[in-house]
Amino acid sequence: MNDGPSDYPFAPIHVLADQIRRQRVSAQELVALYLERIERYDPKLHAFVAVYADEARRAAQAADAALRAGHDLGPLHGIPVALKDIIDIEGRITTGGSKAWADRVSPTTATVVRRLLAAGAILLGKTHSVEFAYGSWGTNEHCGTPWNPWDLETHRVPGGSSSGSAVATAAGLAAAALGTDTGGSVRLPAAFCGLVGLKTTTGRISTYGVLPLSTTLDTVGPLTRSVEDAALLCNALQGPDPLQRQTAGHLLDDTRRQLRRGVKGLRLGVLPPAERNGVDGEVLAAYDAAIETFAGLGATPVEIDLPESFEAYREANAILIEAEGYTETGALIERSDLPLDRHVRRRMGKGRDVSATRYIEVLRMRSRATHAFLDALDGADALLTPTTTVPAIPLCDVDENVAASHFTRAGNFLDLCGLAIPNGTTATGLPLSLLINGRAFDESRVLRIGWAYEQATPELRRIPAGLD
């Protein structure tokens, strides 16, 4: 990177923060640059639901004035970011990706928004989501599906449900964005759009003020252009929140502190042979190459004998989402007069048939399955898998009866943390992705592993053609 103005839209946050403090660029100039790009590219890409242009300009002016006065709020000070449109800001519209909530005014401000603002970040606007955040391909029948920026000729899936957040970041319309992950909704769009996506442990980051899909499984996580940026945002957002009991009792973890420790001596679990079935050949080739890279960095690949298949974890996770999701939005789902996505209506409607007995059985099974998985992982520092089974497919080829979340839902069901990072491209230039699965509250380690790989593969730091 030459650190010039033409590089800024695709620069990592930590680089932009350095440029701001060297007075090579101001927050006002960054906001103006991103707003201009949104105006130029978003009519096609359809990443944003709402753009807060005037407010962002005023916030940037205040951020620059604060820095001149010696008030530095940290590495996010003056950095323009976007929010998935299921995150509340009091007094503003939050639709949850649904036409049925087109006029829903947020009653409160989410804790993550308060923490972003306290860290000096600037909100550019809200980004599109799959309706009620329930879908892995990123499609939205009534609000429109964002366009994956890696192919401007063919409309390809962006991944869901944090579709707009991924497209905005990948296309250089924001420095980073927040998404949510209940079954893969940060990691899948990160994979399809060539980004870093961090799935945090439940309780690491408060979900207060985030429209719920599954209160058991929901997490908030960043979509960024680098591993270090994911660590920066995790640091800023984490911590106990008196408004949410799940966050109590967890120690703060400076995830940047261990980033540069490398992977020499670590043991990294790899896929059992049976789990390679049905995975695209280019995805597997990139995965195998990543394993070789880690071995070259001094890590030891070890095969893990999983107690259950990824498909079994996916199915169990789906039952919790269906039951808890129906509890949240069942009254809407049952109304035939509302303009709801028919695929989301079908998926969410399954929750009406989940009995209380079945729901409790799955919760108990989750506890047993987590213990069994951790026993199997004993002696390994993380488990490496592909993030997706295929690269981003054309929108017209999507089968809504098949989820893209084969590898990701295990992380939610077993309450793991996970990091999706780019690990190559297809022959046609589409992004491929590696998923680093870690134990609960082990974000520092998965970020450390991801950073080592990222530094070893600088040729993967590409930007979508036609958007520079």
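**Rings and the spaces around them**

Guide: Searching the whole structure turns up 6 aromatic pairs (rings of Phe, Tyr and Trp, the last by its six-membered ring, pair if their centres lie within 6.5 Å; planes under 30 degrees apart count as stacked, over 60 as edge-to-face and the rest as tilted). Helices (H or I, at least four residues) and strands (E, at least two) are DSSP runs, numbered from the N terminus.

Before we go on, a word on the model. It is a predicted one, in which local features need pLDDT of at least 70 and side-chain atom pairs count only at pLDDT 80 or more, while totals for chains, interfaces and linings use all residues. Residues are numbered from 1 along each chain as its sequence is written, and side-chain values use heavy atoms, with hydrogens and water left out.

Trp137 counts as buried because its relative accessibility is 8%, and Phe192 counts as buried because its value is 1%. (Buried means under 20% relative accessible area, exposed over 50%, partly exposed in between, with a 1.4 Å probe and protein chains only.)

Tyr313 and Phe373 form an edge-to-face pair, with 6.5 Å from centre to centre and 85° between the planes. Tyr313 belongs to helix 9 (residues 310-333) and Phe373 to helix 11 (residues 356-376), so this pair ties together parts that are 60 residues apart in sequence. Both Tyr313 and Phe373 are buried. They also belong to one aromatic cluster, formed by Phe310, Tyr313, Phe373 and Phe407.

Arg347 lies over the face of Tyr134, 5.6 Å from the ring centre, and the charged end of Arg104 sits over the ring of Trp101, 5.9 Å from its centre. (A charge sits over a ring if NZ of Lys or CZ of Arg is within 6 Å of the ring centre and within 35 degrees of the ring normal.)

Now for the spaces. Rolling a probe the size of a water molecule over the atoms shows where empty space is left. On a 1 Å grid over the protein atoms alone, a cavity is a set of points where a 1.4 Å probe fits but cannot get out; a pocket is an open set with protein on both sides within 12 Å along at least five of seven lines; lining residues have an atom within 4 Å of a point. Grid points are joined across faces, edges and corners, and a volume is the space filled by probe spheres set on the points.

The second largest pocket holds about 390 Å³ of space. It is lined by 26 residues, and Tyr134, Arg314, Arg347, Ala403 and Arg409 are the closest to its centre. By class, the lining of the second largest pocket has 9 nonpolar, 9 polar and 8 charged residues (Ala, Val, Leu, Ile, Met, Phe, Trp, Tyr, Cys and Pro count as nonpolar, Asp, Glu, Lys and Arg as charged, and the others, Gly among them, as polar).

The largest pocket contains about 740 Å³ of space. Among its 34 lining residues, Phe10, Pro12, Arg225, Arg461 and Arg462 lie nearest its centre. Helix 1 (13-21), strand 10 (417-425), strand 11 (431-438) and helix 13 (443-456) each give at least two residues to this lining, which divides into 16 nonpolar, 9 polar and 9 charged residues.

Lastly, the count comes to 1 cavity of 30 Å³ or more. The largest cavity holds about 40 Å³, and Ala133 and Leu211 are among the residues that line it. That lining has 5 nonpolar residues, 3 polar and 1 charged.
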